[in-house]
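Open the model in a viewer and keep the selection tool at hand. The stops below say what to select and what is found there.

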Amino acid sequence: MAAAVSSFFGILLLAFISVSFAEIRFSEIRSDPRPIIPFDEFGFTHNGRLELNVSKLSFSSPDPDLSKLGFFLCTRDSWLQVLQQIEDAEIACALQSHIIQEVYNLNSLAKSATAFNHFYLQSDADQYTLVFANCLPQLKVSMDVRSAMYNLDGKSKTRDYLSAGITILPRVYFLFSLIYFILAAAWVYFLYKKRLTVFGIHFFMLAVVILKALNLLCEAEDKSYIKRTGSAHGWDVLFYIFSFLKGITLFTLIVLIGTGWSFLKPYLQDKEKKVLMIVIPLQVVANIAQVVIDESGPYGEDWVTWKQILLLVDVVCCCAVLFPIVWSIKNLREAARTDGKAAVNLMKLTLFRQYYVVVICYIYFTRVVVYALETITSYKYLWTSVVAAELATLAFYVFTGYNFKPEPHNPYFAVDDDEEEAASEQLKLEDEFEL
Ligand SMILES: *[C@@H]1O[C@H](CO)[C@@H](O)[C@H](O)[C@H]1NC(C)=O
């Protein structure tokens, strides 16, 4: 278990390096001695632009050698080469390397100026990081930096502030939100038709689907706002509210179904309530972490800490929701042995085992496979990992809805004697092999 969890973390950590932010960013650098200060990462097309506005520039010592300070763009591969060059002592400073693309060297700054604006055209399509290099040891730099990276659209020449690989995300999210609205409508129709066999949990499922649809709609609006303006103040408050509610309700739903609430029994046991009492506050923490992560760039000070908190919380939630399903499976097995209705219980048991496997697959796919995809796909196709995650989620919702739908003729109780006998046989077999 410990090994599994740590490998889980290992793979997730990989995800740190592959996030691509793309907004207009403001960074305040204060007495910073770092030789390399990374700012932001962006996937350029052949029509890329970078606007750099620096102000309040000051240094810890008077009259430093400004040619040793500057901004440059660099891909990940070329950065590794630069590090190699520095290690081999071919160059002393990243700015001397001809692999990097120098954006602005501070020696072009007018005498005693403390601010400058610079415009840079990028026509080599690739994913770049904007970096400031300070090749003077002991020199501390202070400045306010505004960086805006964008691509110009083919014909209309409008600005697109979303990185090359994620620029179609608004459309992707919108499409998925439509699908969920259709699913919700279908579910309402279905509940109405089968209204005699509807349980409380079925209305809860409806709420989960509607929240998911609203969340995707806000995400689409949010991303398209960033795409147009470069800043994230479209519907992001609504977006955070819906993703918070969606997170809580989805995990609660998995726990409730796992416990068999409202199909198998109308109440929750104490230990099952405890799982909910762990999962719900953790979801609150997860959402706070998500907000902080989104608001500070990948190179912000607390970014990694919050990312780790988010991962930890997520792993705990995912493990916690599995317990009730395991308890139900155990109870059903015992009931099957003692109360004589082996076939009925065995059918429920199979259903719960299937559900257990599907929940694990869903968690594994959306947490691990998707991040792995994100790291191995080229920056141009980053959207594919989002599509993969959304498809997996959709499949999970459909599976859950289909298997736990209201049933007029409950298959659990429509069993004849032959089946009863076969089920008892199977149970005996299972006991022998301790499945
Ligand atoms: C930033 O610099 C660009 C390029 O020189 C310039 O067009 C733009 O107006 C500047 N923006 C601000 C806010 O100073």
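In which loop is alanine 89 found? Select alanine 89: this residue is in the loop between α2 (76-87) and β5. Helices (H or I, at least four residues) and strands (E, at least two) are DSSP runs, numbered from the N terminus.

Before going on, note that this is a predicted model, in which local features need pLDDT of at least 70 and side-chain atom pairs count only at pLDDT 80 or more, while totals for chains, interfaces and linings use all residues. Residues are numbered from 1 along each chain as its sequence is written, and side-chain values use heavy atoms, with hydrogens and water left out.

**Positive phi**

Stay on alanine 89, which has a positive phi of about 60° although it is not a glycine. Its relative accessible area is 61%, so alanine 89 is exposed. Here buried means under 20% relative accessible area, exposed over 50%, and partly exposed in between (1.4 Å probe, protein chains only).

Next select lysine 56, found in strand β3. Lysine 56 is not a glycine either, yet has a positive phi of about 50°. With a relative accessible area of 56%, lysine 56 is exposed.

The shell consists of Glu51, Asn53, Asn117, His118 and Phe119. Two elements give two or more residues to this shell, β3 (48-59) and β6 (116-122). β6 gives the most, with three residues.

By class, the shell divides into one nonpolar, three polar and one charged residue. Ala, Val, Leu, Ile, Met, Phe, Trp, Tyr, Cys and Pro count as nonpolar, Asp, Glu, Lys and Arg as charged, and the others, Gly among them, as polar.

Now show the side chain of asparagine 53: one of its N or O atoms is 2.4 Å from an oxygen atom of the ligand. The ligand on its own has 360 Å² of accessible area, and the protein covers 50% of that. Accessible areas come from the Shrake-Rupley method with a 1.4 Å probe; for residues, only the protein chains shown count as cover.

**Aromatic pairs**

A search of the whole structure finds 16 aromatic pairs. Rings of Phe, Tyr and Trp (its six-membered ring) pair if their centres lie within 6.5 Å; planes under 30 degrees apart count as stacked, over 60 as edge-to-face and the rest as tilted.

Select tyrosine 180 and tyrosine 397. Their ring centres are 5.3 Å apart and their planes at 75°, so the pair is edge-to-face. Because tyrosine 180 lies in helix α3 (residues 169-193) and tyrosine 397 in helix α9 (residues 383-403), the pair ties together parts that are 217 residues apart in sequence. Tyrosine 180 is buried at 0% relative accessibility, and tyrosine 397 is buried at 10%.

Then select Phe39, Phe71, Tyr104, Phe116 and Phe132, which ring pairs link into a cluster.

**Charges over rings**

A charge sits over a ring if NZ of Lys or CZ of Arg is within 6 Å of the ring centre and within 35 degrees of the ring normal. Select arginine 195, which lies over the face of tyrosine 192 at 4.5 Å from the ring centre. Move on to lysine 405, whose charged end sits over the ring of tyrosine 402, 3.9 Å from its centre.

**Last stop**

Finish at asparagine 105 in strand β5 (residues 101-105). At 11% relative accessibility, asparagine 105 counts as buried. A polar atom of the asparagine 105 side chain lies 3.3 Å from the backbone oxygen of serine 67.

Technical notes: A residue is near a molecule or strand if one of its heavy atoms lies within 4 Å of it. A polar contact is a pair of N or O atoms within 3.5 Å; within protein, one must be able to donate a hydrogen and the other to accept it, and residues adjacent in sequence count only if both atoms are side-chain atoms.
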